Amino acid sequence: MSLWPDLLSSALVGLDKRACAAPAQDGPLATVLPTGELDADGLMTAAAAIALARRAGLRPVRGLEPILAPAEQRAVASRGAGARLAR
């Protein structure tokens with residue numbers, strides 16, 4: 001997405017030093033992305049929408065097995081607590 005670098009640089013240096021204009025988009029992002037010259041609110045809205053779309057498109061890493069936590073060694077409850085629960 002070519003808008004992302006423009007949004008990033010405008011957010012880093014400020015809109016007063018680097019204005020950012022968003023072109024009209026096609027597809028699902030067209031409903032949430034503002035178009036034209038962006039103010040601070042529009043810049044943050046566009047950045048949030050594009051960041052979410054970029055993350056949603058990532059594929060999980062294959063071949064990595066999760067590290068399992070060791071089995072619990074302690075009792076779930078003490079004897080006294082178990083007796084009170086049993087009553």
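**Notes on the predicted model**

1. Contacts of S10. Leaving aside residues up to four places away in sequence, S10 touches L15, R18, A19, C20 and L43. The model under review is a predicted one. S10 belongs to helix α1. With a relative accessible area of 1%, S10 is buried, because the limit for that class is under 20%.

2. Polar contact of S10. One of the residues touched by S10 is R18. A polar atom of the S10 side chain lies 3.0 Å from the backbone oxygen of R18.

3. Salt bridge. How many salt bridges does the structure hold? The structure holds one. D6 forms a salt bridge with R18, and the closest N and O atoms are 3.6 Å apart. This pair links distant parts of the chain, D6 being in helix α1 and R18 in the loop between α1 and β1 (21-22), 12 residues apart. D6 is partly exposed, at a relative accessible area of 28%. R18 is partly exposed as well, with a value of 33%.

4. Helix α2. This helix covers residues 40-56 and has 17 residues. From its first C-alpha to its last, α2 reaches 24 Å, close to the 24 Å expected at 1.5 Å a residue. Its buried residues are G42, L43, A46, A47, A49 and I50, and they pack against α1. L43, one of these buried residues, is also among the residues that S10 touches. In general, an α-helix has 3.6 residues a turn, so residues three or four places apart point the same way.

5. Nonpolar surface patch. Which residues make the nonpolar surface patch? The patch is made by L8, L12 and V13 and has an area of about 290 Å². L8 is placed in helix α1, which spans residues 3-13.

6. Two glycines. G27 is found in the loop between β1 and β2 (36-37). Is G27 buried or partly exposed? At 48% relative accessibility, G27 counts as partly exposed. G27 and G57 are separated by 30 residues in sequence, and their C-alpha atoms are 14 Å apart in space.

Technical notes
Residues are numbered from 1 along each chain as its sequence is written. This is a predicted model: local features need pLDDT of at least 70, side-chain atom pairs count only at pLDDT 80 or more; totals for chains, interfaces and linings use all residues. Side-chain values use heavy atoms; hydrogens and water are left out. Patches are made of residues with over 30% relative accessible area and no salt bridge: like charges are joined within 9 Å, nonpolar side chains (Val, Leu, Ile, Met, Phe, Trp, Tyr) within 5 Å. Accessible areas come from the Shrake-Rupley method with a 1.4 Å probe; for residues, only the protein chains shown count as cover. A salt bridge is a side-chain nitrogen of Lys or Arg within 4 Å of a carboxyl oxygen of Asp or Glu. Helices (H or I, at least four residues) and strands (E, at least two) are DSSP runs, numbered from the N terminus. The expected span of a helix is 1.5 Å times one less than its number of residues. Buried means under 20% relative accessible area, exposed over 50%, partly exposed in between (1.4 Å probe, protein chains only). Contact means heavy atoms within 4.5 Å. A polar contact is a pair of N or O atoms within 3.5 Å; within protein, one must be able to donate a hydrogen and the other to accept it, and residues adjacent in sequence count only if both atoms are side-chain atoms.
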